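Hi,

Here is the structure I promised to pass on. Have a look at it first, and my notes on what turned up follow below.

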Amino acid sequence: MRSLIERWSHELAIAGIAFIAVIVFGLIEPRYLLPGNLIDIVRQTAVIAILAFAMTAVIAARGIDMSMGGILALSGMVLGIILSATGSEVLAILGAIATGCAVGLVNGVITGVFGINAFLSTFAMLAVMRAGALMVNESSSIRVQGPFVLWTGQGELLGVPVSIVVMAFMCALWIFLLGRMRLGRWIFAVGNSPSAAVASLLPVPTIIMSTYVLSGLSAGIGAVVTVGRLGSAQPLAGAGIEFAALTAAIIGGARLNGGRGSIIGTFLGAILLGLLGTGLSFMQISQQMTYVVTGTMVILAVLIADPAFRNRLLRVAGPLAGRDRAGHGEAAASPGIAQRSGSQDPVVEGKLDAVVRVRGLSKSYGAIQALSKVDLNIRPGKVLALLGENGAGKSTLVKCLGGTVRCDAGELLGRGGASSLRDRSDGADCAIVHQHFSLVPDLSLVDNLVAVRGAGFSAFGQRKRLREKLNEIRSEFGLDVDASVPVRELTVGQRQIAEIIKAIIEDKWLIIMDEPTSALTVAEREALFKVIAELKSRGKAVIYISHKLDEIFEVAEHIAVLRDGKLVGEVTTAETDAAELIRMMVGRQIDAVFPHVEAATSDVALLVEDLCDGNILASASFDVKKGEILGIVGLMGSGRTELLRCIAGLSGRTAGSVTAGGQHIAPADPLGGRAAGIGYVPEDRLKDGIFADLSIGANLTLCRLSNLGVAPRPAMLRSIASDWIDRLDVRPRNPLMRVGDLSGGNQQKVVLGRYLAMSPTVLLLDEPTQGVDVGAKSEIHRLIGELKKTGAAIVIVSSELPEVLGVADRILVMSAGRSYGPVPRGTTPETIMAMALAGLNR
């Protein structure tokens, strides 16, 4: 019941507000509560709701349709003209609906194919449709006398107004389409992440066009009901209705940046608008004040129904309530923590001069215990490495220390006394190098840093000094970009370095680095280690999170290991080894992280000849046989990622050819590649991989939908999702959980599982184990090995040379956009690195 309430909390909040509005207006004017009046409100709202359902779908696909009112007017005029000319109500109604669909198709082509801004294009189409409606009958209305058309707007069916019946039917139809049909699932995926939808080889332009066609169809149906209600086709009918439909959709939970929407919520939003408008009319409020009150109520409804707003209210109210209950907050509520704080450290003996002792840190998400009484010791001038499997609680711990997540219990001891971690709202004493990039994409690097340092740096002199400091730190990394370049134009590796620079320039006593080298080259990694050494020499404390054990032994003095949200132990680097750390993390022995799997090879499954994209990729040629793994290595910027994207059809090519499964793949044709059995796992999981607002189950089954019919059975989808959650060991094992709430490694498992579920004949993997723990790496490669045994051809790009050396049958080296090799398994790392540098020396 609790989960059901949480799932429908938005809709319940709107329903509650609507109920309160009815009661308030009923107390002011008893006639408002008459059944006839309430039915009339719903009748008047019906057309708005019909259009709002379609608007919800368009917004969910990250679009907007401002032409609805114009389509409704033109469709109504077409209905009147056809009915007057032929006398056939059937032809007239079909003509109105066809007109709506045709205009919707034009909208879809403009936005989905040509990529023109949806607001501008549909707003322009609104003007065109209005002009068309006025020209059809020289700006005059057309009287309609068809009994069936009039019945749709004025008649009843079993005592219920027909317009309400039509609205209910459209509501049910949209619920089924968005909730059960393949197209609906794709609509939410496109809206959630267009780039990930493209990388998933979904037919994105077709999906966008479909939403606008359906929007036009809904406007055509709305036109029929409107003409029937008015008894005439009017060229100015529906004026402003697109704004009412948009408002109802937004109140109902649709998010303008896409990926979210609720048909039930939209229905309630439309009803709420009708209740407010009619209620204010009963109170004889002026039209101006009606707009003010309605607007205020709408904003209030949106805020109260927004989970993020409610969470902020609880976050503000929580500490106040806590202080009211117990004069000093959490310390009084947790005597066990206070008692432990004075004792010796139970984990490691001999820890001296700790800058901060974290004691009893706990955090739960519902029934999931993310952290349970974790104790840590953070020392000045030392690096504490934090290890654990994906989902062990590392990222949650970072968020609690950084103040972005409010923990349930815990204390900080040191640096001026004891303080409750529950009251830690801003993390002002620590800087974080986030695993998931936190820079604003549209701002330059220097503007991002100005935003971090505050308004005082907006002055010219301050900006100049900040730029000088930035250039000083940049030179240590060799980040060869202009600081005025927008962050979105930087490569993944450059963005990672920018995150590191941002943390260093904040000059805090504690710096937390969460997977800082996940996208760095060897040279950039070494530069980072020099910076860490400098930070240590200045007495800074560093918490370093990484799945790369060689890095841990190079930079850290102490290692704390988490498993299932609990501290397993803390050891010194000098007194342990990799095997012991792996055992502590996963609770078992792992013999080979990157195992080589023997498999029978046969025909060539993928043939690439002289491939060139006219940019970084100059020329690449190779083939991969069925049952073979080809590893691709090279320095950052060598063309590795560009090569895979070109093969998958995600980027154009100026020369060369790609043949998969005997089929020639046309340039920039991702659907052709998908039809040939190509699956592609992108390098940047946040941008191109995950659909953060969709569930684990939706992410895992998205690419399988094409093979499961137009309306896949929910039971089948649940079975597929549960199977891959178990096989990949995704944690938590909850198919309904948002992927955006998972740890980075578990997100990577979900991305990989989506493509493994397709059973591809050619699988392209770009950094498949990036940000994944040791146990998960072993499990992922076990699954890849199973796919290899079935006869799939696999291409793996990896920055970890041991990964490629371990699993690949042959190795292709990329350097300066050109391919060298492939070389056989067993080639030495020195030879491979020499080849990687060869192109740079030309």
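A quick definition before the details: a salt bridge here is a side-chain nitrogen of Lys or Arg within 4 Å of a carboxyl oxygen of Asp or Glu. Arg645 and Asp688 make one, with their closest N and O atoms 3.9 Å apart. Arg645 sits in helix H25 (residues 640–648) and Asp688 in helix H27, so this pair ties together parts that are 43 residues apart in sequence. As for cover, Arg645 is partly exposed at 24% relative accessibility, while Asp688 counts as buried at 9%. Please keep in mind that this is a predicted model, so everything here is computed from it.

**The overall picture**

The chain has 842 residues, of which 55% count as buried. Its secondary structure comes to 33 helices and 24 strands. If you take the contacts with a separation of 6 or more, 72% of them are between residues 24 or more positions apart. The chain exposes about 34400 Å², and carbon and sulfur atoms supply 59% of that.

**More salt bridges**

How many salt bridges are there by this rule? The count is 28. Two others are worth a look when you open the model.

Arg260 is in the loop between helix H12 (241–251) and H13, and Asp693 is in the loop between helix H27 (685–689) and helix H28 (696–701), so the pair ties together parts that are 433 residues apart in sequence. Arg260 itself is partly exposed, at 35% relative accessible area. Follow the shared partners from here and you get one network made of Arg255, Arg260, Asp693, Arg738 and Asp741.

The other is between Arg43 and Asp40, at 3.7 Å from N to O. These two are three residues apart in helix H3, which puts about one helical turn between them. Asp40 is partly exposed, with a relative accessible area of 29%.

**Inside the chain**

In soluble globular proteins, nonpolar side chains tend to be buried together. In this model, the largest nonpolar core has 118 residues, and Trp174, Ile696 and Ile794 touch the most other members. Helix H3 (residues 35–60) gives this core its largest share, 14 residues. There is also a second, separate core of 44 residues, with Val433, Leu470, Ile505 and Met585 among them.

Which residues does Ile696 contact, leaving aside its neighbours within four places in sequence? They are Ile725, Val730, Pro732, Asn734, Pro735, Met737, Val739, Leu742 and Val750.

**A nonpolar patch on the surface**

Phe19, Ile20, Ile23, Val24, Leu27, Ile28, Met283, Ile285, Met289 and Val292 form a nonpolar patch on the surface, with about 920 Å² of accessible area together. Helix H2 (9–28) and helix H14 (287–305) each supply at least two of the patch residues, and H2 provides the largest share, six residues. Met283 is placed in the loop between helix H13 (263–282) and H14. With a relative accessible area of 32%, Met283 is partly exposed; patches take residues with over 30%, so Met283 passes that cut-off.

**Aromatic rings**

Searching the whole structure gives four aromatic pairs. One of them is Phe119 with Phe123, a stacked pair at 5.5 Å centre to centre and 15° between the planes. Both lie in helix H6 (residues 118–136), four residues apart, or about one turn of the helix.

Finally, ring pairs link Phe25, Tyr32 and Phe282 into a cluster.

Over to you, and enjoy exploring.

Notes: Residues are numbered from 1 along each chain as its sequence is written. This is a predicted model: local features need pLDDT of at least 70, side-chain atom pairs count only at pLDDT 80 or more; totals for chains, interfaces and linings use all residues. Side-chain values use heavy atoms; hydrogens and water are left out. Patches are made of residues with over 30% relative accessible area and no salt bridge: like charges are joined within 9 Å, nonpolar side chains (Val, Leu, Ile, Met, Phe, Trp, Tyr) within 5 Å. Accessible areas come from the Shrake-Rupley method with a 1.4 Å probe; for residues, only the protein chains shown count as cover. Buried means under 20% relative accessible area, exposed over 50%, partly exposed in between (1.4 Å probe, protein chains only). A nonpolar core is a set of buried Ala, Val, Leu, Ile, Met, Phe, Trp, Tyr and Cys residues joined through side-chain atoms within 4.5 Å. Contact means heavy atoms within 4.5 Å. Rings of Phe, Tyr and Trp (its six-membered ring) pair if their centres lie within 6.5 Å; planes under 30 degrees apart count as stacked, over 60 as edge-to-face and the rest as tilted.
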